Amino acid sequence: MIWHRLDRTTLSREEFATRLEIITSGEEWIIDGNYLHTMPLRLQCCDTVFFFDLPMNVCLAGAEERVGKECEDMPWTDETMNEEFRQWIIDFLTQQLPVINSLLSEYKEKVKIIVFHTREEADIFINGQ
């Protein structure tokens with residue numbers, strides 16, 4: 001909710017990091033989203049990570065299903081699939097995932113890390129709590 005602006009732009013990386021520093025200095029918080037450039041900050045401050053390591057086709061299908069629907073974390077509704085976002089999803093396996101896995105490995109002794117490979121796994125976890 002803090003990354004996207006009404007005019008379809010985003011905050012600068014510096015402003016976003018500053019806002020996250022304020023949020024993560026609080027006693028309780030939940031942050032949803034990848035935002036790889038701020039992951040070290042969040043990992044230093046959190047106690048639990050829920051990582052959705054879903055197959056690319058599931059991620060693409062989920063993004064396509066959201067087209068034309070209002071999203072809580074975006075101040076606009078996309079009427080078509082954003083091609084840059086589609087490519088980001090396609091490249092995630094090679095561009096983002098290795099870095100995420102390395103960071104999670106680095107913090108695995110300090111942070112509880114729960115990985116879901118399917119949405120059903122997440123549903124079972126939530127219903128079991």
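# Briefing: helix packing, cysteines and selected residues

N34 lies in the loop that runs between α1 (13–24) and α2 (39–45). The model is predicted.

**N34 and its contacts**

- N34 counts as buried, because its relative accessibility is 17% and the cut-off for buried is under 20%.
- Apart from neighbours within four places in sequence, N34 is in contact with M39, R42, W88, F92, Q96 and I100.

**W88**

- One of the contacts of N34 is W88, a residue of helix α4.
- W88 has a relative accessibility of 33% and therefore counts as partly exposed.
- When residues up to four places away in sequence are not counted, W88 touches N34 and Q96.
- Between W88 and L60 there are 10.0 Å in space, C-alpha to C-alpha, and the two are 28 residues apart in sequence.

**Helix α3 against helix α4**

- Helix α3 covers residues 56–66 and helix α4 covers residues 83–95; their axes come within 9 Å and cross at roughly 160 degrees.
- Because of this angle, α3 is roughly antiparallel to α4; the cut-off for that description is an angle over 145 degrees.
- The crossing in which α3 passes α4 is right-handed.
- On the α3 side, the contact is made by M56, C59, L60, A63, E64 and R66.
- On the α4 side, the residues that make the contact are F85, R86, I89 and I90.
- Sorted by class, the contact of α3 with α4 has seven nonpolar residues, three charged residues and no polar ones.

**Helix α4 against helix α5**

- Helix α4 also packs with helix α5 (residues 97–107), at an angle of about 50 degrees and with the axes 5 Å apart.
- This angle makes α4 oblique to α5.
- From α4, the contact is made by F92, L93, T94 and Q95.
- From α5, the contact is made by L97, P98, V99 and I100.
- By class, the contact of α4 with α5 has six nonpolar residues, two polar residues and no charged ones.
- F92 of α4 and I100 of α5 take part in this contact, and both residues are also in contact with N34.

**Cysteines and disulfides**

- A disulfide is a covalent bond that joins the sulfur atoms of two cysteines.
- Searching the whole structure gives zero disulfides.
- For C45, the closest cysteine sulfur is that of C46, at 7.8 Å, which is too far for a bond.
- For C46, the closest cysteine sulfur is in turn that of C45, at 7.8 Å, again too far for a bond.
- The cut-off that decides this is 2.5 Å between the sulfur atoms.
- C45 is partly exposed, because its relative accessible area is 35%.
- C46 is buried, because its relative accessible area is 15%.

**E15 in helix α1**

- E15 has its place in helix α1.
- With a relative accessible area of 29%, E15 is partly exposed.
- E15 and I2 are 13 residues apart along the chain, and their C-alpha atoms are separated by 9.9 Å.

Key
Residues are numbered from 1 along each chain as its sequence is written. This is a predicted model: local features need pLDDT of at least 70, side-chain atom pairs count only at pLDDT 80 or more; totals for chains, interfaces and linings use all residues. Side-chain values use heavy atoms; hydrogens and water are left out. Buried means under 20% relative accessible area, exposed over 50%, partly exposed in between (1.4 Å probe, protein chains only). Axes are lines fitted to C-alpha atoms, for helices over the stretch in contact, and angles run from 0 to 180 degrees between N-to-C directions. Helices (H or I, at least four residues) and strands (E, at least two) are DSSP runs, numbered from the N terminus. Angles under 35 degrees count as roughly parallel, over 145 as roughly antiparallel, 65 to 115 as roughly perpendicular and the rest as oblique. A crossing is left-handed if the near helix is turned anticlockwise from the far one by less than a right angle, and right-handed if clockwise. Contact means heavy atoms within 4.5 Å. Ala, Val, Leu, Ile, Met, Phe, Trp, Tyr, Cys and Pro count as nonpolar, Asp, Glu, Lys and Arg as charged, and the others, Gly among them, as polar.
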